[in-house]
Amino acid sequence: PADPVTLSYMLLFFLLPFFFSTAVYFYLWTPDSPASITSAGVKSAPALLLAAVVLSWNGGQSILGVVGGLIFSAIGDCCLIWPELFLHGFFVHLHRYTPYSSSSWARFLYVILVIVGGGSYIYIYPFLQKAPDSDQLTPAVAVYTALITVMAILAIRTHHTATLLGGLTFMVSDLSLALQVFKVMAPTKHGNTIVMVTYYLAQLLIAVGDIQAVENRDDFAKWKRS
């Protein structure tokens, strides 16, 4: 078997298409870009390429986990290109993890996440009420906030640093998006850049965390057999 350093270089090589597609997105994106199949493809390409990397490294065992989550994220990216599909896109950005037992410090973080998630929703609630479709948007955002908080909690329960950071970064990305979409804050020049940088970074961390988790489980299984 290859040593950890060689595996790290191999993983970096496999991730090059992801980095390239991310660079292409930021190079081509402009605030006035019209909704199109091309723009949807460019935006969703990084998630699909990451899914391919995780699948190639971990095999089919990740299809119902991180690979499936990345594929749904790509579908959500496509939906978010068209404003009328916003709610559909909002709900398919969630990832799945394999959780482990919780420690006392992890339970403390759970409480913090619940406070942050609940506080964020309370903060944007008045702005949701001003939206034209507030009767649908208000409960939908409440459910999504709960789901994204649970996702971050599950990321902590994996006990893998990359996955944990990915889950937290994902929360930051979605909060930044919500603040802009629901006009909680004035539009900023680099608003979309902040959202997408944290979004792609979260996906990368989650994918790498899943690969590392499978490698650790395989190493442990080999140790038990030896």
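1. Basis. This is a predicted model, in which local features need pLDDT of at least 70 and side-chain atom pairs count only at pLDDT 80 or more, while totals for chains, interfaces and linings use all residues. Residues are numbered from 1 along each chain as its sequence is written, and side-chain values use heavy atoms, with hydrogens and water left out.

2. Span of helix 1. Helices are DSSP runs (H or I, at least four residues), numbered from the N terminus.

3. Kink. Helix 1 has a kink of about 40° at Leu15, shortly before the proline Pro17. The bend at a residue is the angle between axes fitted to the seven residues ending there and the seven starting there.

4. Burial. Buried means under 20% relative accessible area, exposed over 50%, and partly exposed in between (1.4 Å probe, protein chains only). Leu15 is among the buried residues of helix 1, as are Phe18 and Tyr25. Ala146, in helix 6 (residues 134–157), is partly exposed because its relative accessible area is 42%.

5. Aromatic rings. Rings of Phe, Tyr and Trp (its six-membered ring) pair if their centres lie within 6.5 Å; planes under 30 degrees apart count as stacked, over 60 as edge-to-face and the rest as tilted. The count is 10 aromatic pairs. Tyr199 and Tyr200 have ring centres 5.5 Å apart and planes at 40°, so this pair is tilted. Tyr199 is buried at 3% relative accessibility, and Tyr200 is buried at 2%. Ring pairs link both into a cluster with Phe18, Phe19, Tyr25, Phe26 and Phe170.

Technical notes: Helices (H or I, at least four residues) and strands (E, at least two) are DSSP runs, numbered from the N terminus.
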